[in-house]
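Student: I have a model open and would like to learn how to read it. Can we go through it feature by feature?

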Amino acid sequence: MIRCAALAAVALLAAATAHGADPRVDYMLQCQGCHLGDGSGSPGTVPDLRGSLGRFLGVPGGREYLVRVPGAAQSSLSDERLAALLDWMIREFGSAEAAAQLEPYRAEEVARWRADPYAEVQTVRRELLRRIEAGSAPSR
Amino acid sequence: MSALDAWFARAARQLARRTSRRSFLARLGTLAAGAAALPLLPVARAGAVREPAPGEPDGSTPAGDPDDCAYWRYCAIDGFLASCCGGTHLSCPPGAEMSPLTWIGTCQNPVDGKHYIVSYNDCCGKNACGRCFCHRNEGDKPVYIPPKSNDIDWCMGRVGVIYNSTVAVVIGISTEKG
């Protein structure tokens with residue numbers, strides 16, 4: 001177990017050195033305080049990321065939603081790092097299907113969307129969840 | 001010699017007059033029951049130690065005193081040190097519960113010069129400790145940037161809002177100050 005942890009630490013450091021910034025570290029510093037290390041969040045207060053991020057990508061408006069939510073849009077990260085962080089989060093917390101189908105975020109679209117963060121994020125979220133539910137319901 | 005004998009005889013008679021075998025058994029019983037109940041006290045449960053984070057300096061790293069506000073991990077703490085309130089810098093005092101929601105920043109370890117990612121979890125559900133107040137603001141931002149502010153009572157959500165003290169847990173290493 002200790003050897004595993006040591007290897008993980010070495011891998012993490014290597015990744016950070018190779019790309020300048022490590023999305024995992026950005027997640028820790030920008031998101032983990034509320035969404036927690038495993039993405040589970042806090043029921044009723046902080047949304048659970050596990051298995052849910054990819055679902056938003058499947059409905060109209062979902063891709064920009066993940067950028068325009070206050071936590072993402074108003075983070076101190078550059079557009080490039082926010083794009084890399086969102087890709088990492090979808091791979092880490094989304095379903096295997098969502099990870100396989102992921103079209104990586106582009107810095108340009110992140111810049112455009114985050115300039116207009118949601119004032120009423122709950123309303124948008126409810127509408128998107130309704131679309132997700134409607135899309136997953138069996139057709140008759 | 002006879003004086004010593006007489007003294008012991010007198011002492012033994014006095015002891016026999018003052019105590020009974022029944023009282024000895026009662027005291028022995030109390031001791032046995034007390035010893036059996038001792039591990040059930042919250043002190044023993046609070047001693048549970050968490051797994052170290054990858055890259056976390058171990059206890060042998062000569063990096064300062066966790067009971068001192070100047071300790072490197074406390075570079076952005078705002079609260080009472082849990083280590084001074086019956087807990088440690090990694091665990092909450094008995095009777096207080098660690099809030100999962102927290103604020104996270106980095107502190108530089110003066111020994112190896114690395115920036116460690118530190119999670120300042122509040123200990124909640126028990127009245128404020130009131131000892132060893134420590135207020136350092138490296139990387140702290142105003143409350144309108146909530147995820148980066150140490151002025152917030154992070155006792156929210158699952159464990160109630162009563163604030164007791166704060167721990168400083170290393171959760172990783174960063175290549176830059178954050």
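Student: Which residue is the bridge partner of C107(B) in strand 4 of chain B?

Tutor: The general idea comes before the case. Helices (H or I, at least four residues) and strands (E, at least two) are DSSP runs, numbered from the N terminus. Two strands pair if DSSP finds at least two bridges between them. Here, the partner of C107(B) is Y116(B). W103(B) also has a bridge partner in strand 4 of chain B, namely Y120(B).

Student: What should I know about the model and its labels?

Tutor: This is a predicted model: local features need pLDDT of at least 70, side-chain atom pairs count only at pLDDT 80 or more, and totals for chains, interfaces and linings use all residues. Residues are numbered from 1 along each chain as its sequence is written, while chains are lettered from A and ligands numbered from 1 in the order in which they are written.

Student: How many helices and strands does chain B have?

Tutor: Chain B has 3 helices and 8 strands. Along the sequence they follow the pattern α-α-α-β-β-β-β-β-β-β-β.

Student: How many bridges join strand 3 and strand 4 of chain B?

Tutor: There are 6 bridges, and the pairing is antiparallel. The two strands form a hairpin with 6 residues between them. In that hairpin, G113(B) takes a positive phi near 75 degrees.

Student: What is the strand order of the open sheet that holds them?

Tutor: The order is 3-4-8 in chain B, with antiparallel pairing. Strand 3 and strand 8 of chain B are the edge strands, each pairing on one side only. Neighbouring strands in this sheet are turned by 35 degrees against each other on average, direction ignored. Axes are lines fitted to C-alpha atoms, for helices over the stretch in contact, and angles run from 0 to 180 degrees between N-to-C directions.

Student: Which helix packs on this sheet?

Tutor: Helix 2 of chain A does, touching strand 3, strand 4 and strand 8 of chain B. Its direction makes about 140 degrees with that of strand 8 of chain B.

Student: How many residues of helix 2 of chain A are buried?

Tutor: Start with the cut-offs. A residue is buried if 20 or more other C-beta atoms lie within 10 Å of its own, exposed if 12 or fewer, and partly exposed in between; C-beta atoms are placed from the backbone. In helix 2 of chain A, 6 of the 8 residues are buried, so the helix is largely enclosed by the rest of the structure. The buried residues include V25(A), M28(A) and L29(A). R24(A) is also found in this helix. R24(A) is partly exposed, with 17 other C-beta atoms within 10 Å.

Student: Is helix 1 of chain B largely enclosed or largely in the open?

Tutor: The number of buried residues among its 17 is 0, so helix 1 of chain B lies largely in the open. This helix covers residues 2-18 and reaches 24 Å from its first C-alpha to its last, close to the 24 Å expected. The expected span is 1.5 Å times one less than the number of residues.

Student: Which residues have the most contacts inside the largest nonpolar core?

Tutor: In soluble globular proteins, nonpolar side chains tend to be buried together. A nonpolar core is a set of buried Ala, Val, Leu, Ile, Met, Phe, Trp, Tyr and Cys residues joined through C-beta atoms within 7 Å. The largest one here has 37 residues, and those with the most contacts inside it are I117(B), V118(B), C123(B), V167(B) and A168(B). Strand 4 of chain B gives the largest share, 4 residues.

Student: Which residues does I117(B) contact?

Tutor: Two residues are in contact if their C-beta atoms, placed from the backbone, lie within 7 Å. Leaving aside neighbours within four places in sequence, the contacts of I117(B) include V25(A), M28(A), L29(A), I104(B) and V170(B).

Student: At what angle do helix 7 and helix 9 of chain A cross?

Tutor: Two packed helices are described by the angle between their axes and the distance between the axes. These axes come within 8 Å and cross at roughly 100 degrees. That makes helix 7 of chain A roughly perpendicular to helix 9 of chain A. Angles under 35 degrees count as roughly parallel, over 145 as roughly antiparallel, 65 to 115 as roughly perpendicular and the rest as oblique.
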